[in-house]
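Please look over the following structure before reading the notes below. They are arranged by topic, from the chain as a whole down to single residues.

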Amino acid sequence: MTRSLPELLQSAEAHLYPNYRQPELVMLRGQGVFVWDTSGKRYLDFYAGIAVNALGHAHPRVVRALTEQASLLCHMSNYFYNEPNIELAARLCQLTGFDRVLFSNSGTEANEAMLKLCRSYFHQAGEHDRYRIIAFDGSFHGRTLGALALTGQQKYRQGFGPLPGVTHVPYGDLGAVEAALGPDVAGVIVETVQGEGGVLPAPAGFLEGLRQLTRAHGSLLLIDEIQTGVGRTGRFLGIQHSGVEADAISLAKALGAGVPIGAMLCREKYSEALPPGSHGSTFGGNALASRVALAVLDEFEEKALVSHAHNLGQYLAQRLAKLERQSSVVATTRGQGLLQAVVLDSRIDAREVVGALRDAGLLVTVAGGQALRLSPPLIITEEELDLGLDILERVLGNLS
Ligand code: PLP
């Protein structure tokens with residue numbers, strides 16, 4: 001570090017666009033489940049860059065893949081094939097049962113591709129008026145105008161309208177979906193656990209019901225697995241808990257373990273919906289990001305990280321349930337796998353609690369207003385989970 005903290009903060013305040021609310025510290029480095037700021041203070045990372053750093057920080061396999069590929073070939077654009085990308089597409093198809101992969105650089109872009117695929121599919125079939133999408137209240141699908149139209153939270157949409165073509169209905173309400181369906185509905189998009197909405201797992205039977213309804217109406221079932229996918233919930237995909245077969249899914253976050261990458265996966269049936277020229281990305285599927293994602297999948301396989309996430313998720317849920325019984329400030333706890341939440345009583349300011357936890361050396365995020373979201377790296381051990389949960393218990397104990 002060459003500049004002092006006050007100098008860095010002053011420069012950030014002067015030049016960065018002020019659309020975020022960062023605390024007054026600068027992160028310097030990470031190792032495993034820990035990160036350090038420039039003052040040398042250590043934090044246990046139960047947030048993992050918003051459910052991204054599945055392998056923690058500075059994982060040797062990721063570092064090796066990055067450095068080796070960077071010295072070989074980073075980027076050529078999609079004017080040419082590159083080997084890591086071809087391999088990655090095959091691996092993802094094998095892991096998920098889908099047939100085709102279209103790469104991008106973020107979750108939002110993967111959702112944009114999924115949305116365009118869905119509309120274009122019907123357009124090509126001559127159903128030009130079939131474009132409406134059903135999405136859910138409380139959902140989060142990204143912030144570009146297409147993805148924002150899908151996102152069912154007013155606080156993100158405010159001031160950016162009109163955002164037409166999407167009908168939002170209550171999450172979990174199959175009757176409302178049925179009522180909203182019509183001949184103009186191209187697809188239904190859903191998260192298997194609403195992440196940003198407050199870590200809300202789909203109610204039992206909901207995804208199965210959506211599959212039945214969409215099938216009966218000839219609409220596509222689109223699953224946003226950006227937060228739930230790549231092992232986070234204790235299965236490779238969140239949808240795999242249900243056995244439901246979607247028409248397309250979107251992935252991002254953990255796939256690159258910190259290196260930007262997104263992917264839209266679909267069935268062969270939709271492989272002509274986005275013909276050459278209709279959609280694309282300069283950086284999407286570049287050799288560097290693809291090579292890292294392959295390293296991530298190798299590590300998942302070698303260390304059985306999906307079942308590890310399942311097992312530790314159960315342990316985490318048990319400890320949170322105990323916390324719920326003991327604490328007067330916890331309204332409820334919920335989640336799936338290593339995506340869990342402690343929902344605070346409405347009298348408590350969740351943002352202040354996040355600050356107090358950070359001061360105590362634990363990083364978590366707020367989701368859906370009152371939920372403290374815990375999404376630690378999937379490589380976390382039981383001892384490291386205990387360390388963080390002890391901090392959580394102590395800080396919440398000071399509030400009661
Ligand atoms: N969809 C879901 C379910 C998400 O959780 C997110 C990000 O939090 C997105 C889409 C947007 O992804 P990105 O921020 O990579 O564009």
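**Briefing on the predicted model**

The protein chain has 13 helices and 17 strands, where helices (H or I, at least four residues) and strands (E, at least two) are DSSP runs numbered from the N terminus. This is a predicted model, in which local features need pLDDT of at least 70 and side-chain atom pairs count only at pLDDT 80 or more, while totals for chains, interfaces and linings use all residues. Residues are numbered from 1 along each chain as its sequence is written, and side-chain values use heavy atoms, with hydrogens and water left out.

**Overall dimensions and surface**

- The radius of gyration of the protein chain is 21 Å, which agrees with the value near 21 Å that a compact globule of 400 residues would have; the radius is taken over C-alpha atoms, and the globule rule is 2.2 Å times the number of residues to the power 0.38.
- Taken along the principal axes, the box filled by the C-alpha atoms of the protein chain is roughly 60 × 50 × 45 Å.
- Of the 400 residues of the protein chain, 53% count as buried, a class that means under 20% relative accessible area, with exposed over 50% and partly exposed in between (1.4 Å probe, protein chains only).
- The protein chain exposes about 18,100 Å², of which carbon and sulfur atoms supply 52%; accessible areas come from the Shrake-Rupley method with a 1.4 Å probe, and for residues only the protein chains shown count as cover.
- Among contacts (heavy atoms within 4.5 Å) between residues at least 6 apart in sequence, 71% join residues at least 24 apart.
- The mean positions of the 34 positive and 41 negative charges of the protein chain are 2 Å apart; Lys and Arg count as positive and Asp and Glu as negative, whereas His and the chain ends are not counted, and the place of a charge is NZ of Lys, CZ of Arg, CG of Asp or CD of Glu.

**Cysteines**

- The structure holds zero disulfides, a disulfide being a pair of cysteine sulfur atoms within 2.5 Å.
- Cys 93 is in no disulfide, and the nearest cysteine sulfur, that of Cys 266, is 8.7 Å away.
- Cys 93 counts as buried at 17% relative accessibility, whereas Cys 74 is partly exposed, with a relative accessible area of 31%.

**Backbone geometry in loops**

- Most residues other than glycine have a negative phi, and most peptide bonds are trans.
- The peptide bond from Gly 161 to Pro 162 is cis, with omega near 0°, and Pro 162 is found in the loop between helix H7 (154–157) and strand E6 (166–169).
- Ala 58, although not a glycine, has a positive phi of about 50°; Ala 58 is in the loop between helix H2 (48–51) and helix H3 (60–70) and is partly exposed, with a relative accessible area of 40%.
- Ala 304, also not a glycine, has a positive phi of about 45°; Ala 304 lies in the loop between helix H10 (287–302) and helix H11 (305–326) and is partly exposed at 39% relative accessible area.

**Two buried residues**

- Ala 367 lies in strand E16 (residues 365–367) and counts as buried at 1% relative accessibility; leaving aside neighbours within four places in sequence, Ala 367 is in contact with Gly 195, Glu 196, Gly 198 and Arg 373.
- Thr 214 is found in helix H9 (residues 206–217) and is buried, with a relative accessible area of 1%; leaving aside neighbours within four places in sequence, Thr 214 is in contact with Val 188, Ser 219, Leu 220 and Leu 221.
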